[in-house]
Amino acid sequence: MTDVKAMLAEEAAHEARDLHRGLKDRHIQMIALGGAIGVGLSLGAGRAISVAGPGLLLSYAVGGLIIFFIMRALGELLLYRPVAGSFASYAEEFIGPFAGFATGWSYWFTWVTIGMAEITAVAVYVNYWFPDVPQWIPALVTLAVLYSANRISVALFGELEFWFALIKVVTIVGMILVGLAIICFDITPLGKTASFSNLWSHGGFMPFGILGVVMTLQIVMFAYQGVELIGVTAGEAQNPERVLPSATNSIIWRILAFYVGALVIMMALVPWSELRPGVSPFVFVFERIGIPGAAGLINFVVITAAASSCNSGIFSTGRMLYTLAQFRQAPQALGRVNRHHLPANAITLSTLVMSIGVVLNYLVPEQVFVWVTSISLIGALWTWTIIVLAHLGYRRAVAAGTVKAVSFRMPGAPYMNWVVVAFMVAVCGLLALDPSTRVALYVAPVWFALLGIGYRLCATGTGASAPKAVPVRLQPESES
């Protein structure tokens, strides 16, 4: 344990030298919001409402409670050691080498697949205005712009993500305020039928029973993907001891307010039975309100939502590859930083893999979007489970006196850790009940088999029984 602690301390020291803490409090708050408020709310809510009706609100509340405990566990670990590759590092230290290896690569794979889906979404949405433009062009342009921003500086990434997320937040807040005005003051033609009673007067609050609510949990948890991005930003956060606890606490309540608040208003303005799968409830409601250019406005917001998610994906995958290289679980070239203190090689490799989405956008965009988002949820469930298991290991180490306790602690441990794990397993099981998401369960065993092979190859390459947590001594390399 002492050797591992020493090597992890060395990793943190290298990271402190290599990476630049250029992310401010407002950047980190918006990065987490931007990662979680995406197409899961703007598009996925229509399908979820058709399955559960207003009972979807209960599903979001339960999912939000689970996310709260995950984030508090992560927050405690971040205060113990704020590093960029947080999930992989904590898994390496408190669970074992394979857990660190599998978590780092799985999180990388999760965001690469999300990136492919999001640039495909951008291409489809741009065709709303320019139907004659081949879909691969906006996909390629989007990826190129985001890649360039991520290569310049972490501060530019933070600013870009701040404004992306702000557009989404302002739109949701605007919709909530406009909706409240319509309901309370009976303005616009929609005001004659808008009422909070729409939440229970069309077949009841749970028209499909508790089963309908349960069946939406996988959709809800997909929507919550991205909240853990706070952990990836830890290595580049200014004043992490002050910023990270604040960001961890506030992000949960803000997301719950945005998700639950927006859904309450939408289903109060328009009976849930009128909202259809495959149609953004935001677009539908704004059109019914009669706001000029509503469809174009929402289309723009959805584009920024997709671009924001892809932007976060490039950032997080680059940092995760950087951390894997530190532990000799990825090529050492991916652990080098450029003169801007960015893991440029790791960012470039991640973007190149994401560019497969440009090809897929041309071939089978609709099918690929559903498949890769379902597959990405498997990676998220794995990551969230690893966070709470690593937290259990950390608490045991604290009790043994081998690591230092921090003041920001997860409530309910260790019991809530096991509740979260059981919930993650249940959501995995729900994926099997829907043919459109079942593909994720076919891919998952193949992926973890590949991870097992890769792990053994790393072990063989180092001449050891397992990859060692020996950070690479990094020197910033200058760009040509």
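Me: Is Asp186 buried, partly exposed or exposed?
Reply: This is a predicted model, in which local features need pLDDT of at least 70 and side-chain atom pairs count only at pLDDT 80 or more, while totals for chains, interfaces and linings use all residues. Residues are numbered from 1 along each chain as its sequence is written, and side-chain values use heavy atoms, with hydrogens and water left out. Buried means under 20% relative accessible area, exposed means over 50%, and partly exposed lies in between (1.4 Å probe, protein chains only). Asp186 has 46% relative accessibility, so Asp186 is partly exposed.

Me: Where is Asp186, and what is its phi near?
Reply: Asp186 sits in the loop between helix H9 (154–185) and helix H10 (209–215). Helices (H or I, at least four residues) and strands (E, at least two) are DSSP runs, numbered from the N terminus. Asp186 is a residue other than glycine, yet its phi is positive, near 55°.

Me: How many helices and strands does the protein have?
Reply: Strands number 0 here. The secondary structure is made of 20 helices.

Me: What percentage of the residues in the protein is buried?
Reply: The protein has 480 residues. The buried share of them is 60%.

Me: How many residues of helix H6 are buried?
Reply: H6 covers residues 86–94 and is mostly covered. Its buried residues include Phe87, Tyr90 and Phe94, and also Glu92 and Glu93.

Me: How do H15 and H16 lie to each other?
Reply: Helix H15 (residues 294–326) and helix H16 (residues 344–354) pack at about 130°, with their axes 8 Å apart. Axes are lines fitted to C-alpha atoms, for helices over the stretch in contact, and angles run from 0 to 180 degrees between N-to-C directions. Under 35 degrees counts as roughly parallel, over 145 as roughly antiparallel, 65 to 115 as roughly perpendicular, and the rest as oblique. That makes H15 and H16 oblique.

Me: Which hand does the crossing of H15 and H16 have?
Reply: A crossing is left-handed if the near helix is turned anticlockwise from the far one by less than a right angle, and right-handed if clockwise. The crossing of H15 and H16 is right-handed.

Me: Which residues outside its sequence neighbourhood does Gly318 contact?
Reply: Gly318 lies in helix H15. Gly318 has a relative accessible area of 0%, so it is buried. Contact means heavy atoms within 4.5 Å. Leaving aside neighbours within four places in sequence, the partners of Gly318 are Pro343, Ala346, Ile347 and Ser350.

Me: How far apart are the C-alpha atoms of Gly318 and Pro343?
Reply: Along the chain, Gly318 and Pro343 are 25 residues apart.

Me: How do H7 and H15 lie to each other?
Reply: Helix H7 (residues 97–126) packs with H15 at about 155°, with axes 8 Å apart. Their crossing is left-handed. H7 and H15 are therefore roughly antiparallel.

Me: Is Lys404 buried or exposed?
Reply: Lys404 is in the loop between helix H18 (365–400) and helix H19 (415–431). Its relative accessible area is 65%, so Lys404 is exposed.

Me: How far is Lys404 from Tyr80, C-alpha to C-alpha?
Reply: Tyr80 is one of the residues in contact with Lys404. The two are 324 residues apart along the chain. Their C-alpha separation is 7.4 Å.

Me: Which peptide bond is cis, with omega near 5°?
Reply: Stay in the loop between H18 and H19, where Pro414 has its place. The cis bond runs from Ala413 to Pro414.

Me: Which backbone oxygen lies 3.2 Å from a polar atom of the Gln218 side chain?
Reply: Gln218 is in helix H11 (residues 217–223). At 4% relative accessibility, Gln218 is buried. The oxygen belongs to Met215.

Me: How many disulfides does the structure hold?
Reply: A disulfide is a pair of cysteine sulfur atoms within 2.5 Å. Cys310 is buried, with a relative accessible area of 1%, and Cys458 is buried at 18%. The number of disulfides is 0.

Definitions and conventions:
A polar contact is a pair of N or O atoms within 3.5 Å; within protein, one must be able to donate a hydrogen and the other to accept it, and residues adjacent in sequence count only if both atoms are side-chain atoms.
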